[in-house]
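Let's take a friendly walk through the inside of this protein. Have the model open as you read.

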Amino acid sequence: MGTRYVLAGLTAIAVLAAACGSGDDGGPQPLIIPTTVSEAKTPTPAPTNTDAGATAEPSEDNPVPPITTADVFPPRDLSQYGLDPSRIRTVIATGDVIPARHTDYTIRQMNNDFGYTVRATKDILSAADITVINLEAPLISGCPEEAGETFTFCGQPGFTSALQEAGVDVATLENNHITNYGYDGVTETEGYLDAAGIKWADSITSTIMDVRGVKFGFLAFNGVGGLVDRVGMANAIEALRPKVDVLAVAVHWGMEYVSVPQPAPGIADDDPVEIGHAAIDAGADFVIGNHPHWIQGVEVYKGKFITYAHGNFIFDQAWSYETTVGVIGKYTFYDKTLIGVEFIPVLIENYAQPVPMTGDQRQSTLDIMKQATVDLEAKVASGAY
C-alpha cells in the first residue's frame, strides 16, 4: 500500500491541523492586497550559482551554457542560441491544488463549474508538453460541502474535468491530506484520474511520459506528518533511472509560511534542502517542491534544479496576501538537458481561481522569490549543508 497509507494511520489529527495551517487557514477572511511594490524586500543582485557539478558545457550539439540561478531572475533568453525547435520540450508545474473546503463551496455556488478554477490559466498550462500538479485532496463521491474551518479535505470527482481542460498530464499524490478519507479515498481518487486519462505518481508508483522520444519519469514523496524514507526514495529513483531520460521528483516538505526552506519540528522534521540534495545524489534530474503555501527560493545543486515551493495554485487560503500567491514553473529542456526556467506569478481570486499577475505586482513577486533564492544560497554557503 506504500508508506503514505502507513503514515495515514499514525498521523494525529493535531498534526494534520498544524500541517496545513496553524489555525489561521480555517474560514476565509478578508483579502488584503498590497497596492505598491514597496512591500517586497529590496532585491539583491541575482545570484550567480555556477556549481562545479553542472551539466555538460556548451557544445555544437547543445550550445546553451549550464543553467544557474542567475538565469532565472530574469529568465534567460533562449532565442539567442539558434536552437532546433523539434528538440525543445517543456514541463509545467504548479503550486498546491486543493479543490476542497471553500474552494469546493465556490465551485458548488457556480453550479459545479469546475472549469472556473483553471479558466484564467488553462492556456498557459495546456501549452506545455507535460503539465504536473500536486493534488492535495482526495476526490470522492459524497464529498460533504464545507466552507468553514476543517482540516479534513476532499473534492468532488468532477474536478478531473478542470484538470483535463487545463491539459494536466500527471498528478502527484504524496502529501499530508491525500489520505484524509483513508486508503479507500486514495483508491477512489486514482480511479477517477485513470478514467480522465491523467497519470498519477507516488512513492512506490512511478509514471513515465514519452515526449517525442524523450522519456520523463515522475516520483513523489511526502515529509509532512512523518519523515521521508530516504532509503526508499533512493531505491525508487535508482529503479526508475535506467528507464527514463529525465527523472523528476516531487516532494511535500518543510515549514509553512516561510520563504526559505526549513524543517517544521514535530510536523515536517526533514530539512527540505537535505532531502532535495539526497534526491539528486540518488539520480534525480530536478525536484518539484510544495506544501509551504508560500513561494520559496530555488537552488542549483550539482547542476540540477530544485524549486522548493511553488506556493498555492488552487486553494482557499485568502487570509493573507502571501497565501494567495503562487508561481507556475515552466521548465524548458533541450533533449534531456534543462536549459531554461521561468516562473509565472499568479494570484488566487474568489478562493478558487488563480489569475496571472501583471505589471508591478508580477515583478514584485519575482523579486521576492529572487531574494529568497539569495537568502537560501547564503544559508547553504554558510556550511549548513
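## The largest cavity

The lining of the largest cavity is made up of 8 nonpolar, 6 polar and 1 charged residues. Here Ala, Val, Leu, Ile, Met, Phe, Trp, Tyr, Cys and Pro count as nonpolar, Asp, Glu, Lys and Arg as charged, and the others, Gly among them, as polar. This is a predicted model, in which local features need pLDDT of at least 70 and side-chain atom pairs count only at pLDDT 80 or more, while totals for chains, interfaces and linings use all residues. Residues are numbered from 1 along each chain as its sequence is written, and side-chain values use heavy atoms, with hydrogens and water left out.

The volume of this largest cavity is about 90 Å³. Of its 15 lining residues, those closest to the centre are Asn-134, Thr-172, Ala-250, Ile-288 and Asn-290. At least two lining residues come from each of β1, β2, β6 (214–222), β7 (246–252) and β8 (286–290). Strands (E, at least two residues) and helices (H or I, at least four) are DSSP runs, numbered from the N terminus. A cavity is a set of points, on a 1 Å grid over the protein atoms alone, where a 1.4 Å probe fits but cannot get out; lining residues have an atom within 4 Å of a point. Grid points are joined across faces, edges and corners, and a volume is the space filled by probe spheres set on the points.

The link is right-handed, with 85° about the S-S bond. Cys-143 and Cys-154 are both buried (under 20% relative accessible area, 1.4 Å probe, protein chains only).

## Aromatic contacts

There are 9 aromatic pairs, meaning rings of Phe, Tyr and Trp (its six-membered ring) with centres within 6.5 Å. Phe-73 and Phe-343 are stacked, because their ring centres lie 6.3 Å apart with planes at 20° (stacked is under 30 degrees, edge-to-face over 60, and the rest tilted). Phe-73 belongs to the loop between α2 (13–19) and β1 (88–97) and Phe-343 to strand β13 (residues 337–349), so this pair joins parts 270 residues apart in sequence.

Both Phe-73 and Phe-343 are buried.

Methods: Disulfide = S-S within 2.5 Å. Buried < 20%, exposed > 50% of the residue type's maximum accessible area, 1.4 Å probe, protein only. 1 Å grid on protein atoms, 1.4 Å probe; cavity = no way out; pocket = protein on both sides within 12 Å on 5 of 7 lines; lining within 4 Å.
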